[in-house]
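Trainee: I have a structure to go through and would like to ask about it piece by piece. Can we start once it is on the screen?

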Amino acid sequence: PVVMKQVCGLTKSAVDARINRRDFCYREPNGSEIWFGGLDDSARLDNILGKEYGLIYFNECSQIGYTSFQTALGRIRQKIPGWRNRAILDCNPPSKAHWIYKTFILKQNPDNTPLARPEDYAAMKMNPGDNARFLPEGYIEKRLQTMTGKEYKRFFLGEFTDDVQNALWTRAMIDPYRVASVPDDLEKVVIGVDPAVTSGEHADLTGIVAVGRRYESGRTDYFVLEDTSGRMSPADWAGAVGRLYEKYGANEVICEVNQGGDLVTEILRGADYRLPVRAVRASKGKRTRAEPIAVLYQNGAVHHVGGNLKELEDELTSFTGAPGETSPDRLDALVWAMTGLTEERSVTGGYFWFT
């Protein structure tokens, strides 16, 4: 709220503001209002569409789809004497394929055509050193300056990054097709699981990703709903799978058992859920299995829901399949779920039910 007050040029203390927690709104004694909202689902987007603004501040806009951004821009339409309506955005710079880079740096639309009014768009770089007095002591030296590679360039230097050479996915295959909310007419939902058989700080992640399918007017589209991957004990990841299964009313769980074998089935047997599980074994390399799914992305048939899939998207856009590359557990879970939806029963494996 303090940052927003400074941006809006307001002088009254936040102590004097009245807070409406139902509408997430601060009302200043002078009549000014600061509203808080989101663009991560259709209901929150509709809430913004019902209002008019003199300024919208987009926080972490790298996680906002271009369509949602354009929709929100249409609500900056208040007529205030002496005030110039505007939008302000911030982000940790994503790749150069993102619409932010194209719009504010190249002065282009996402389809690479020139902006109609490029003079209306400006950008500036603010790095952590410019904000040092608001950061914890040692944060820059111990956290940011010790990063390496693209993370160092992005979070410390504030640089837009090039797509990883030979990566199967690019940001241009993801961002333009992002949607705000889960469709209500999905015909099938699958939970893909790439389990870790050990736990602890240095164990592999257990990949857990939910994907849905919709067939409409002769076209099949796929929706990546949620990624709940993490480092968990076997009992915890089994419970996480069950909760995600129930949340989306999923049809099945597809679980890789190459490493865990019978142990994986025993872990899921201990979960307090009724799960139709298809056990599968990988007979091909990761890149070979992932390539058909990447083609679906390239054709615009896969849609990420909302802006909370950052870790999965980072893993997708950095995966090349090169020898020695870190195992992409989130990607593996996604590929198993997508393969199950695209090939149905052609996935090698069999069903087992836990009741």
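Trainee: Leaving aside neighbours within four places in sequence, which residues is Thr103 in contact with?

Mentor: Keep in mind that this is a predicted model. Thr103 lies in helix H4, which covers residues 99-105. Setting aside the neighbours within four places in sequence, the contacts of Thr103 are Tyr66, Gln108, Leu115 and Tyr121.

Trainee: Is Thr103 buried or exposed?

Mentor: The cut-off for buried is under 20% relative accessible area. Thr103 has a relative accessibility of 3%, so Thr103 counts as buried.

Trainee: Which residues of helix H3 are buried, and on which side or sides of H3 do they lie?

Mentor: Helix H3 covers residues 66-73, and its buried residues are Ser68, Phe69 and Ala72. Around the axis they cover an arc of only 100°. That arc puts them on the same side of H3.

Trainee: How far apart are the end C-alpha atoms of helix H11, and what span should its 15 residues have?

Mentor: Helix H11 runs over residues 329-343. At 1.5 Å a residue, its 15 residues should span 21 Å. The distance between its end C-alpha atoms agrees with this, being 21 Å.

Trainee: How many of the 15 residues of H11 are buried?

Mentor: H11 is largely enclosed by the rest of the structure. This follows from its count of buried residues, which is 13 of the 15.

Trainee: Which strands does E8 join, and in which directions do they run?

Mentor: Strand E8 (residues 219-227) is joined by eight bridges to strand E7 (residues 207-216), and the two run antiparallel. In that pairing, Arg214 stands opposite Asp221. Three bridges also join E8 to strand E11 (residues 302-304), with Val224 and His304 as bridge partners.

Trainee: What phi does Ser217 take in the hairpin of E7 and E8?

Mentor: The hairpin has two residues between the strands. There, Ser217 takes a positive phi, near 50°.

Trainee: With which side chains does the side chain of Asp221 make polar contacts?

Mentor: Asp221 is found in strand E8 and is buried, with a relative accessible area of 7%. Asp221 and Ala301 are 80 residues apart in sequence, yet their C-alpha atoms are 4.9 Å apart in space. The side chain of Asp221 has polar contacts of 2.8 Å with the side chain of Arg219 and with that of His303.

Methods
Residues numbered from 1 in each chain as written. Predicted model: local features only at pLDDT ≥ 70, side-chain atom pairs only at ≥ 80, totals over all residues. Heavy atoms only, no water. Buried < 20%, exposed > 50% of the residue type's maximum accessible area, 1.4 Å probe, protein only. Helix = DSSP H or I, 4+ residues; strand = E, 2+ residues; numbered from the N terminus. Arc of directions from axis to C-beta. Expected span 1.5 Å × (residues − 1). Pairing = 2+ DSSP bridges. Contact = heavy atoms within 4.5 Å. Polar contact = N/O pair within 3.5 Å; in protein donor to acceptor, adjacent residues only side chain to side chain.
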